[in-house]
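Take a moment to look over the whole chain before reading on.

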Amino acid sequence: MSELLARHRAVMPNWLALNYNDPIEIVSGKGNRVIDADGKSYLDFFAGILTNMIGYDVPEVREAVERQIATGVVHTSTVYLLRGQIELAEKIARISGIPDAKVFFTNSGTEANETALLLATYARKSDQVLAMRQSYHGRSFGTIGVTSNRSWKNNSLSPLNVTFLHGADRHLAQFKGMSDAEYIQACVDDLRHVLATAVSNDVAALIAEPIQGVGGFTMAPDGLFAAYKEVLDEQGILFISDEVQTGWGRTGSSFFGIGNHGVTPDMMTFAKGLGNGFAVGGVVARGDLMDAPHAVGLATFGGNPISMAAANATLDYVLDHDLQANAARTGEIIISGLKEAAKRLPVVRSVRGKGLMFAVELESPAQAARFMEETKKAGLLAGKGGLYGTAIRMAPPLTLTVDEAVEGLGIIVTALETINAEAAAQ
């Protein structure tokens, strides 16, 4: 055990997970690559859990932060006007598609989802919330309540009365063999049944990830949330799209993940990639919902000048360089390549994803762990997850080049071939 790992274990909680048998310390980065303390270079296909959205050491972001630091003001709080916060809110409100949108900034996706749930339950005067099976929305008391993955739930207590819906669980026996249309209809029928049996009047909201992050990048078929929203609208139930992992063009086919369903939600939450590593999260919502709460509120660090400088520069970079189109282009190289390789690799149960958000489902958690070690050895960083611990999830920076996409695909396929050969030999 390294000295740093021993120190980590002595003072950090046991539940703070570390990747790899021998965890690494990342000490520098440039572009889409990082270097560990031993000098080994890695192509980063996990981007700090989808957070280093445009890579490392980006001049536009670094210089924007340095300009703000040079003013001597790194914090004032939201009781003063913050130009960078206002400018970023204007951009997000405009591109959200939400009518009369307003924006509130937080420090994380967990806090953003807490805020959205507060707005929804206040507006509807109800603690009843719908969420999706296999979901993950954060680690706080309220967001654990709308999380549907036993590995991430420490507490059955909740400030919310939550009912979980189908929509990303087509592996279950009752749904196997269904077409997209048949599955959507089955889910809608179940939603109507839930509203008739499992809740009382005035459900506050449905909160859903367009692509489930911790769930292993499982997703509803395009159109399901449009069908759900038709039912929700009949009863005035609000719809919150959790875009913490799917926002800013990552899916390639839509700037926000929910756009793949042809839906404009009442609220969207965001975080992670917007600050390219600087802490920023938030909610964009209809103005009437955002303005409704009667109590005074603020976020001490939400919208602080440093994070706003980084986020403004990051969002401008994404838009100016059309990184959504790049995600579509490079993601197609990888996803199509993985699907082709899967045809000859029985250990691969499925390949799924959109743009630069893709996953490989393996047969066992042990195989997922082996994949992590093999790709680490070959110089590629990945993540794992899924409801059963069998999914490898990858989401490179949106600046990934075609050459890097081909390189990464080769490393992934080689690792899968190794695991497949080991399985065949057993």
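This is a predicted model: local features need pLDDT of at least 70, side-chain atom pairs count only at pLDDT 80 or more; totals for chains, interfaces and linings use all residues.

Strands of a sheet pair through backbone hydrogen bonds, either parallel or antiparallel. Strands β11 and β12 form a hairpin with two residues between them, and in the turn glycine 355 has a positive phi of about 55°.

Elsewhere, four strands form an open sheet in the order β1-β2-β3-β13, and their pairing is mixed. The edge strands of this sheet are β1 (26-30) and β13 (380-381), each of which pairs on one side only. Strand β1 is joined by four bridges to strand β2 (residues 33-36), and the two run antiparallel; within this pairing, serine 28 stands opposite isoleucine 35 in β2.

The next topic is charged side chains. A salt bridge is a side-chain nitrogen of Lys or Arg within 4 Å of a carboxyl oxygen of Asp or Glu, and the structure holds 19 salt bridges. One of them joins arginine 124 to aspartate 202, with the closest N and O atoms 4.0 Å apart. Because arginine 124 lies in helix α5 (residues 109-124) and aspartate 202 in the loop between α7 (180-197) and β7 (205-208), the pair ties together parts that are 78 residues apart in sequence. To describe how far a residue is covered, buried means under 20% relative accessible area, exposed means over 50%, and partly exposed lies in between (1.4 Å probe, protein chains only). Arginine 124 is buried because its relative accessible area is 18%, whereas aspartate 202 counts as partly exposed at 44%. The backbone of aspartate 202 also deserves a look, as its phi is near 60°, a positive value in a residue other than glycine.

Another salt bridge is formed by arginine 286 and aspartate 266, whose closest N and O atoms are 2.7 Å apart. This pair links distant parts of the chain, with arginine 286 in strand β10 (residues 281-286) and aspartate 266 in the loop between β8 (238-242) and β9 (267-270), 20 residues apart. Arginine 286 counts as partly exposed because its relative accessibility is 22%, while aspartate 266, at 9%, is buried.

The side chains of glutamate 417 and arginine 344 also meet in a salt bridge (3.0 Å, N to O). Here glutamate 417 sits in helix α13 (residues 402-425) and arginine 344 in the loop between α11 (323-342) and β11, so that the pair links distant parts of the chain, 73 residues apart. Salt bridges that share partners also join Arg370, Glu374, Lys377 and Glu422 into one network.

Where is glutamine 134 found? Glutamine 134 is in the loop between β5 (128-132) and α6 (141-145), and its phi is near 75°, a positive value in a residue other than glycine. With a relative accessible area of 6%, glutamine 134 is buried.

Finally, consider the surface, where patches are made of residues with over 30% relative accessible area and no salt bridge, like charges being joined within 9 Å and nonpolar side chains (Val, Leu, Ile, Met, Phe, Trp, Tyr) within 5 Å. Glu60, Glu63, Glu66 and Asp320 gather in a patch of negative charge, where Asp and Glu count as negative and Lys and Arg as positive, His and the chain ends not being counted. The place of a charge is taken as NZ of Lys, CZ of Arg, CG of Asp or CD of Glu. Helix α3 (residues 59-70) gives the largest share of this patch, three residues. Val11, Met12, Trp15 and Leu16 form a nonpolar patch with about 470 Å² of accessible area together, a value from the Shrake-Rupley method with a 1.4 Å probe, in which only the protein chains shown count as cover for residues.

Definitions and conventions
Residues are numbered from 1 along each chain as its sequence is written. Side-chain values use heavy atoms; hydrogens and water are left out. Two strands pair if DSSP finds at least two bridges between them.
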